[in-house]
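Please look over the sequence and the structure below before reading on. The paragraphs that follow begin with a single residue and then turn to the whole chain.

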Amino acid sequence: MAIGLPIIIRNELPEARGLDKILPFGRLFFAVPTAVFGTEHLTDPKDIALIVPSWMPAHMFWVYLVGIALIAAALSIVVKRCARPAATLLGIMFLIFVALIHIPNIVAQPGDRLFWMIGLRDTAFSGGAFALAGARMRRGTTGGAPWLVTLGRFFIAIPAVIFGVEHFLHPAFVPGVPLERLTPTWIPGHIFWAYLAGAVLIIAGACLLLNQKARLAATYLGIMIFLLVLVIYLPILAATPLSIANRLNYFADTLMFSGAALVLADACP
């Protein structure tokens, strides 16, 4: 945040106009949680090693490698140095997580909604990384978006629609990325935020799937999710500052989802 914010304010914000002024922050919203997750790999390796598939050798090695890779990718994205290969590899890594960790969990317990939500969350993160990488590719001769941006659009759109449906089916869960935490009742209008987020997720996700006003849809999606970060996740994080580990992950997840949508908007023609 300390590195990226001055770069954006000094170099990128003056060139943006209107609603597009929010788009440069998408890169920062995506990179900061990436660094947070990387730091957790280095500070709590024993717990994270339990997630590594049991058939893989050297669990601690993979935890430390992924942690270093996440921090390196975050720095590369923020300062725009080797950002395209870094974002591409980051997107591939999230897809590997989906294939090796989340899909086996879903197959083992298909009725557990949490495993589905986590798998879709990492798919959306992968889509954000691919959109970042695709934004640095030249557009095709037809003027369309590079194929990585198109891939990113689908990877964000599908989770968005499913997340939106989940908000209407289970409005008591925290909105944005609907995992297992319940929204505290002391949050003003907590059910209202769930339904509002659900509607925006479904409409924006459908527009992205159909490639209709995709840039505008991704922009509004990113703004909506960022509002949830400010209105719901930041107060939850601040409520118990001495015990923030789990709450920090929820905060970072939602901020990264907002970043993924905004970087997709920035990459769309």
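**A residue and its chain**

Ser 76 is buried, since its relative accessible area is 10%, where buried means under 20%, exposed over 50% and partly exposed in between, with a 1.4 Å probe and protein chains only. The model is predicted, so local features need pLDDT of at least 70 and side-chain atom pairs count only at pLDDT 80 or more, while totals for chains, interfaces and linings use all residues. Residues are numbered from 1 along each chain as its sequence is written, and side-chain values use heavy atoms, with hydrogens and water left out.

Ser 76 lies in helix H4, which covers residues 59-79; helices (H or I, at least four residues) and strands (E, at least two) are DSSP runs, numbered from the N terminus. Apart from its neighbours within four places in sequence, Ser 76 has contacts with Arg 81, Cys 82, Ala 83 and Ala 86, a contact being heavy atoms within 4.5 Å.

Turning to the protein chain, its secondary structure consists of 10 helices and 0 strands. The radius of gyration of the protein chain, 18 Å, is close to the 18 Å that the globule rule gives for 269 residues, so the chain is as compact as a globular protein of that length; the radius is taken over C-alpha atoms, and the rule is 2.2 Å times the number of residues to the power 0.38. Along the principal axes, the C-alpha atoms fill a box of roughly 45 × 45 × 35 Å.

Of the 269 residues, 50% count as buried, and among contacts between residues at least 6 apart in sequence, 71% join residues at least 24 apart.
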